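The following note sets out some points for a reader new to protein structures. Please keep the sequence and the model in view while reading.

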Amino acid sequence: MEKSGGRMIKKSEKQEDFKKRFTRAVIAYVLFLIMVFAGFKYIWVLSLVPTGSMEPAINEGDIALGTRYDTEEDDIKRYDILIFFPPDEPDTTYIKRVIGLPGDIIEVSNGKVYANGEELDDSFVKAPMNRRGDGVYAVPEGCYFFMGDNRNNSNDSRFWKEKYVPMENIVAKSKYIIHLPNLTDDK
């Protein structure tokens with residue numbers, strides 16, 4: 001027996017109290033893990049960015065945090081940055097900017113991009129675009145046309161065999177970018 005706060009406590013009571021607190025802690029931890037796993041299965045996506053195709057907005061090695069719940073056709077707008085599986089590489093996750101919406105006619109010509117005859121904003125583009133990928137692209141219903149912000153160094157819709165990403169290949173809308181220090185660069 002031990003004395004605690006003016007009363008005597010048996011060791012078995014102390015052990016029982018510890019077991020209760022330990023059990024509650026384990027249950028709380030397990031519930032927390034279930035919520036985190038469910039959150040990443042149904043609500044969020046973390047995606048490591050493997051290339052510099054979205055520079056300067058997103059750098060190689062950054063992590064994109066996206067949401068799964070706002071990827072219906074009415075939720076997706078031109079210039080949104082989405083995480084998706086391109087039709088040519090269905091096992092690879094890409095992150096690019098939406099340029100063409102369903103039904104759009106996208107023209108890439110002389111370093112400029114047009115949607116339905118109107119020149120698009122390119123204030124986020126890393127450098128003036130070269131002429132690679134010039135052409136006219138008719139975006140089918142239910143599909144999207146993507147380009148990277150680093151247009152001269154981006155494997156995007158202009159260069160894929162299957163140029164348009166169907167709605168069902170879209171995984172998430174990028175909401176936050178976690179910029180990580182470049183640990184492998186000797187600069």
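**Notes on the sheet and the salt bridges**

1. The model is predicted. In it, Leu-82 has Lys-173 of strand β13 as its bridge partner. Strand β5 (residues 81-84) and β13 run antiparallel and are joined by three bridges.

2. Strand β13 (residues 170-178) also pairs with strand β4 (residues 63-67), again antiparallel, through five bridges.

3. Nine salt bridges are counted in the model. One of them joins the side chains of Glu-55 and Lys-126, at 2.8 Å from N to O. Glu-55 lies in the loop between β3 and β4 and Lys-126 in the loop between β9 (118-119) and β10 (135-138), so the pair ties together parts 71 residues apart in sequence.

4. Arg-78 and Asp-104 form another salt bridge, with their closest N and O atoms 2.7 Å apart. This pair links the loop between β4 and β5 with the loop between β6 (94-100) and β7 (105-109), 26 residues apart. Is Asp-104 buried or exposed? Asp-104 counts as buried, because its relative accessibility is 7% and the cut-off for buried is under 20%.

Key. Residues numbered from 1 in each chain as written. Predicted model: local features only at pLDDT ≥ 70, side-chain atom pairs only at ≥ 80, totals over all residues. Heavy atoms only, no water. Pairing = 2+ DSSP bridges. Helix = DSSP H or I, 4+ residues; strand = E, 2+ residues; numbered from the N terminus. Salt bridge = Lys/Arg side-chain N within 4 Å of Asp/Glu carboxyl O. Buried < 20%, exposed > 50% of the residue type's maximum accessible area, 1.4 Å probe, protein only.
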